[in-house]
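Open the model in your viewer and keep the selection panel at hand. The tour below goes from one selection to the next and says what is there.

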Amino acid sequence: MAEVDHLAAERATARFDVEEMKVAWAGSRHAVHVADRMARLVASDPVFRKDNRTMLSRKELFKDTLRKAAHAWKRIVELRLTEEEADLLRQYVDQPGYVDLHWGMFVPAIKGQGTEEQQHKWLPLAYKFQIIGCYAQTELGHGSNVQGLETTATFDPKTDEFVIHSPTLTSSKWWPGGLGKASTHAVVYARLITEGKDYGIHGFIVQLRSLEDHSPLPGVTLGDIGGKFGSGAYNSMDNGVLRFDHVRIPRDQMLMRLSQVTREGKYVHSNVPKQLLYGTMVYVRQSIVADASKALSRAVCIAVRYSAVRKQFGSQDGGPETQVLNYKTQQSRLFPLLASAYAFRFVGDWLNWLYTDVTQKLEAKDFSTLQEAHACTAGLKAVTTSVTADAIEECRKLCGGHGYLNSSGLPELFAVYVPACTYEGDNVVLLLQVARILMKTVSQLASGKQPVGTMAYMGKVQYLMQCKSAVSSAEDWLNPDAIQEAFEARALRMAVNCAQNISQAASQEEGFYERSPDLLEAAVAHIQLIIVTKFIEKVHQEIPGHGVKEQLQALCNVYALYILHKHLGDFLATGCITPRQGALANEQLGKLYAQVRPNAVALVDAFNYTDHYLGSVLGRYDGDVYPALYEEAWKDPLNETVVPEGYHEYLRPLIKQQQLKLSRL
Ligand SMILES: CC/C=C\C/C=C\C/C=C\C/C=C\C/C=C\C/C=C\CC/C=C/C(=O)SCCNC(=O)CCNC(=O)[C@H](O)C(C)(C)COP(=O)(O)OP(=O)(O)OC[C@H]1O[C@@H](n2cnc3c(N)ncnc32)[C@H](O)[C@@H]1OP(=O)(O)O
Ligand SMILES: Cc1cc2nc3c(=O)[nH]c(=O)nc-3n(C[C@H](O)[C@H](O)[C@H](O)COP(=O)(O)OP(=O)(O)OC[C@H]3O[C@@H](n4cnc5c(N)ncnc54)[C@H](O)[C@@H]3O)c2cc1C
């Protein structure tokens, strides 16, 4: 706790119990406790220091990442941390590295696609870090189009081996995190060829480097693909390039849970949907949604605290200046982002539940919810990451000039976060997947097939296509049914419009291609409906703690009405609401901002972030921003000497030359 609390007055105006809000945010009292313990463990350990990160060279940064990963592992073993604790500890270390891919994709790929025997063999090695793994799918020539990958795995029945080969330059694996320098093994996705036939993409466990001296195995060419956007940020990760020259692996290193190749070379596909091959991506997409709320809440926490400290204008008569947080424009830019952080947190929890439920059904050979899992993970990943990336940049602007300093933490947060719009599926490509499923659902309505899950609202097509909002005052927009109806009608009408336009094209495929910009918007409308619905459902639950439910209710309304205001064109064009009702929604939004204002600092305190994790002089808990900014500036390597290096070579001769010229005049 800070000695001087410059934000004490702000904290005193909160109208709710912050400790209970921490529980609502984290999910349980236990979750608050564990997260708190792990965050403090990391913050108090000098090895995990990160304030100098943006000043390190790429090589120094990479070595620092290796050091932190090794130290984190040492602490996990020494303290006998549980899986939950270890995950949190790694999260608070807050530096992307090979371990993210080892635990986040390599292990899940083996769990999801390996047979029991394969899991038995490989997982214990991975769990103890006797091998380090990555996920090598994307190639130089293809990322989005997984079916277009070119690496081959040709079965050789003579030796009972697969021959892994990169036939072209574009088949080089390109991007996998941890591949460039750290991994000893990879799950490699390649075209399976046996008995002269190409059976498409399958996963294979391939050893890449010696377990003795880390040198690449014969036939394997490996390296890092080079520096990435921003200083520090994702440059701690060794995204890599990999080529195979006829590398042989035993047949049993093909991941054989979904399909098998027999000793004789026969291809056998189990009676399961082939899309299960994409299971690891589905798993990571749902975890990315949970991560979106973390990244967004960090940015918002910095911007809210700093906006409460920063004063500008309003004191002609010598009185106090205005806190920038009191400007209505600052509130209308910032509070929707605060509300979005909470909205993404709750929809992330729900998505995690959905993922677990679908996984259990898959175990029981029930594949009926696979499409729902794909649509929700793909769509929510796309919307939450796009909004979060834009929001971090908005928070930087909300912090004025100081937001542009590395010490604000925002440039690095943006640089590290923004590739989330691309990795694990480009957001446009993923939204088009949602749109395809929407079009399929609309086309099935005529046959009387009742849509289920998050598409169930489409079953009310007769009503939703013609309903008119009953809102007649600003307060009417506080009724969740009014919001729900408007969002459902907008999403359905946009989808039906697209379907009608597509049906007029020469073919379904051509229509889909021509109408894809509209389809993207329809997919976004559907996903926003899911986020709003899950927030409303959350607020309907019993939520303990003085004032907590009321605050969440206000944030839920802010989120919904902000989306309505921002996409007013959609709501008006589809005739769901009138221009007058749109204006009433905006009026209510202004009232809600006034309601949020006295609670704003406490609402970001509820995220319970340590100063170490926030990594921002502007977002400090104690609000003592100016001495920290001043002190931080002197730490820059440029300030190590008063006269800069290069003065004698470049500045002095220049100045002297000009002086000489002037003296001749
Ligand atoms: C310095 C530090 C400072 C601060 C730090 C601060 C903050 C850090 C904060 C946050 C960090 C954030 C997150 C970290 C967490 C994790 C990330 C870590 C690292 C990132 C690692 C990245 C890894 C990767 O990118 S791996 C590669 C991913 N690749 C892709 O996603 C490829 C995308 N393409 C596809 O998925 C497919 O090709 C496709 C687009 C879906 C098309 O597939 P296909 O051609 O086969 O299919 P069709 O379109 O024809 O569809 C056929 C059929 O299948 C259905 N389908 C498709 N996919 C699925 C599926 N997955 N599940 C189920 N069904 C599916 C489709 O609907 C069709 O169905 P119908 O036939 O019924 O129509
Ligand atoms: C930081 C980072 C980490 C990564 N880590 C890994 C990893 O660990 N393992 C791994 O295998 N891969 C990894 N990747 C690769 C990543 O998964 C791909 O880059 C991603 O899936 C996008 O594919 P792409 O690069 O082929 O983009 P492209 O598909 O080439 O996209 C280019 C443009 O084309 C558009 N486009 C493409 N197809 C369509 C379409 N059908 N309709 C309309 N527009 C379209 C896209 O919207 C985009 O604007 C990583 C990437 C990054 C940036």
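Helices (H or I, at least four residues) and strands (E, at least two) are DSSP runs, numbered from the N terminus. This is a predicted model, in which local features need pLDDT of at least 70 and side-chain atom pairs count only at pLDDT 80 or more, while totals for chains, interfaces and linings use all residues. Residues are numbered from 1 along each chain as its sequence is written, and chains are lettered from A and ligands numbered from 1 in the order in which they are written.

Select Thr 138. Thr 138 sits in the loop that runs between E1 and strand E2 (152-156). A residue is buried if 20 or more other C-beta atoms, placed from the backbone, lie within 10 Å of its own, exposed if 12 or fewer, and partly exposed in between. With 18 other C-beta atoms within 10 Å, Thr 138 is partly exposed. Contact is scored when two C-beta atoms, placed from the backbone, lie within 7 Å. Setting aside neighbours within four places in sequence, the contacts of Thr 138 are Gly 143, Lys 173, Trp 174, Trp 175 and Pro 176.

Gly 177 is buried, having 25 other C-beta atoms within 10 Å. Beyond residues up to four places away in sequence, Gly 177 touches Tyr 98, Asp 100, Leu 101, Cys 134, Met 237 and Asn 239.

What does the UniProt record say of Thr 138 and Gly 177? The unreviewed entry annotates both as "binding site"; UniProt positions are given in the numbering used here, feature names are shortened, and annotations may be inferred rather than shown by experiment. They span 40 residues in sequence, yet no two of their C-alpha atoms are more than 10.6 Å apart, so they gather at one spot.

Next, select helix H11 (residues 410-417). Seven of its eight residues are buried, among them Leu 413, Phe 414 and Tyr 417. The buried residues of H11 pack against helix H8 (279-309) and helix H10 (370-398).

Finish in the largest nonpolar core, which has 183 residues. Such a core is a set of buried Ala, Val, Leu, Ile, Met, Phe, Trp, Tyr and Cys residues joined through C-beta atoms within 7 Å. H8 supplies its largest share, 18 residues. Tyr 559 is one of those with the most contacts inside the core. Leaving aside neighbours within four places in sequence, Tyr 559 is in contact with Pro 336, Ala 339, Ser 340, Ala 343, Val 532 and Phe 535.
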